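Here is a short note to read beside the structure. Please follow each point on the model as you go.

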Amino acid sequence: MSDHTAINELNAAVQALLPAGVCASADVASAVAEPFEFPEEGQHLANAVVARRNEFIAGRRCARAALTALGHVPAALPKDADGLPLWPDGFVGSISHSRGLCCALAARAEAMTCLGLDLEKTTRLSPRAMERVAHPAEADFAGEDLAAGSLLFSAKEAFFKAQFPVWRAQPNFKDLAFQVDPSSQQMTVLKIADHLPVALKHAAKRMQFRYRFFGDYVVTLCWMITA
């Protein structure tokens, strides 16, 4: 798949998933070294390989484009102590990348309590990784199907990203089980571990999940509308 085709297909997939009030942007990381648009963003990547630097740069570029679509002036998005992007006050967002393909979402915090995005290749999970990802309640859905396992992996990553800025929980993959509806390409939380924060367990039942497959990728969105 060419870069142009990949971006077009990712954009089409994400646009089909977006809830009202959320903006998105997609891009592909350059194959040659790029400068950081805002030097303070990349201090921790001074010695990183070009591919990692460029994915980071492309991800931040997508985040700024999504924020600009919401009326925010382009600004640095450095990382916090946990390595997460520091979104501007009044905004929430999420960034994901896989093998050079990058995407970001942004929304106003007054509309969305949390927002998560994950992009994954569907051909990378090993049998051992599949075992770590799938909850027993998901075994019939996942089986040995790499695409199904990749979807569960992606959805759980999107959930982790969405909840962490609010609840700071660090669940593992088997702390969460999904009910998947292939006809609507939506998912709901079926089970969530008792040891997680009570507020997060209640919120998980309100979170919405949508996904799309394109090429050998899957992209998943998770969000919760502000009450």
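1. This is a predicted model. Start with an open sheet of three strands, in which the order is β1-β3-β2 and the pairing is antiparallel. The edge strands are β1 (22-28) and β2 (91-98), and each of them pairs on one side only. On average, neighbouring strands of this sheet are turned by 15° against each other, direction ignored.

2. In general, the strands of a sheet pair through backbone hydrogen bonds, parallel or antiparallel. Here β1 and β3 (residues 101-108) run antiparallel and are joined by seven bridges. To find one of these positions, look at V22, whose bridge partner in β3 is A107.

3. Helix α1 (residues 3-17) lies across β1 and β3. The helix runs at about 165° to β1.

4. Which residues touch the most other members of the largest nonpolar core? They are L152, F159, F178, M187, M207 and F209, out of 35 residues in that core. Two or more residues each come from α3 (127-133), α5 (146-167), β5 (176-181), β6 (186-192), α6 (198-204), β7 (208-214) and β8 (217-225). The most come from α5, which gives nine residues.

5. As a general rule, nonpolar side chains in soluble globular proteins tend to be buried together.

6. Leaving aside residues up to four places away in sequence, M207 touches C114, F159, Q163, W167, L200, C222, W223 and M224. One of these, F159, is also listed with M207 among the residues that touch the most other members of the largest core.

Definitions and conventions
Residues numbered from 1 in each chain as written. Predicted model: local features only at pLDDT ≥ 70, side-chain atom pairs only at ≥ 80, totals over all residues. Heavy atoms only, no water. Core = buried A, V, L, I, M, F, W, Y, C linked by side-chain atoms within 4.5 Å. Buried < 20%, exposed > 50% of the residue type's maximum accessible area, 1.4 Å probe, protein only. Helix = DSSP H or I, 4+ residues; strand = E, 2+ residues; numbered from the N terminus. Contact = heavy atoms within 4.5 Å. Pairing = 2+ DSSP bridges. Axes fitted to C-alpha atoms, helices over the stretch in contact; angles between N-to-C directions.
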